[in-house]
Amino acid sequence: MLKLYAMFLTLIFLVELVAAIVGFVFRHEIKDSFKNNYEKALKQYNATGDYRSNAVDKIQNTLHCCGVTDYRDWKDTNYYSEKGFPKSCCKLEGCSPERDADKVNSELIGIFLAYCLSRAITNNQYEIV
């Protein structure tokens, strides 16, 4: 029984290792795919509760961001021309969706900091003394 448990642990470890290697090798494709799908979801945002709009709201609330790169990405959408920024862009409690840019989150803090850290580690791995 203990050997079976050890075998399953080894199998799980190998699957995680393969997933990490595949993720590293295809990191640029994954990033581009995520960006393209997020831009498409932003264009189709309508705040009616469909799964795309809910995903955009959840991402913006969780990461405290607005848009793909910043709040200006919303200006090309139909939703912005009708109603302004969505409520999930607000950085103040109880704010209403307005066109006022100083009341919205303007950075994708989590994703960009992680990307910058990853890039710094990758670029500096050969400079360690």
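**Notebook: helix packing in a predicted model**

I looked up helix 1 and helix 2 and found that their axes come within 4 Å and cross at roughly 70°. Axes here are lines fitted to C-alpha atoms, for helices over the stretch in contact, with angles from 0 to 180 degrees between N-to-C directions. Helix 1 and helix 2 are therefore roughly perpendicular (65 to 115 degrees). I listed the contact residues: Gly23, Phe24 and Val25 from helix 1, and Arg27, Glu29 and Ile30 from helix 2 (contact is heavy atoms within 4.5 Å). By class I get three nonpolar, one polar and two charged residues (Ala, Val, Leu, Ile, Met, Phe, Trp, Tyr, Cys and Pro are nonpolar; Asp, Glu, Lys and Arg charged; the others, Gly among them, polar).

I noted that the model is predicted, that local features need pLDDT of at least 70, and that side-chain atom pairs count only at pLDDT 80 or more, while totals for chains, interfaces and linings use all residues. Residues are numbered from 1 along each chain as its sequence is written, and side-chain values use heavy atoms, without hydrogens and water.

Next I took helix 2 (residues 27–43) and helix 3 (residues 51–63), which pack at about 115° with axes 9 Å apart. Their contact comprises Phe34, Tyr38, Ala41 and Leu42 of helix 2 with Arg52, Val56, Ile59 and Gln60 of helix 3. I classed these residues as six nonpolar, one polar and one charged.

I checked confidence (pLDDT, the predictor's score per residue from 0 to 100): the protein averages 77, and 70% of the residues score at least 70. Helix 1 (residues 2–25) has the highest mean, 91, and helix 5 (residues 109–124) the lowest, 62. Helices are DSSP runs of H or I, at least four residues, and strands are E runs of at least two, numbered from the N terminus.

Conventions. Angles under 35 degrees count as roughly parallel, over 145 as roughly antiparallel, 65 to 115 as roughly perpendicular and the rest as oblique.
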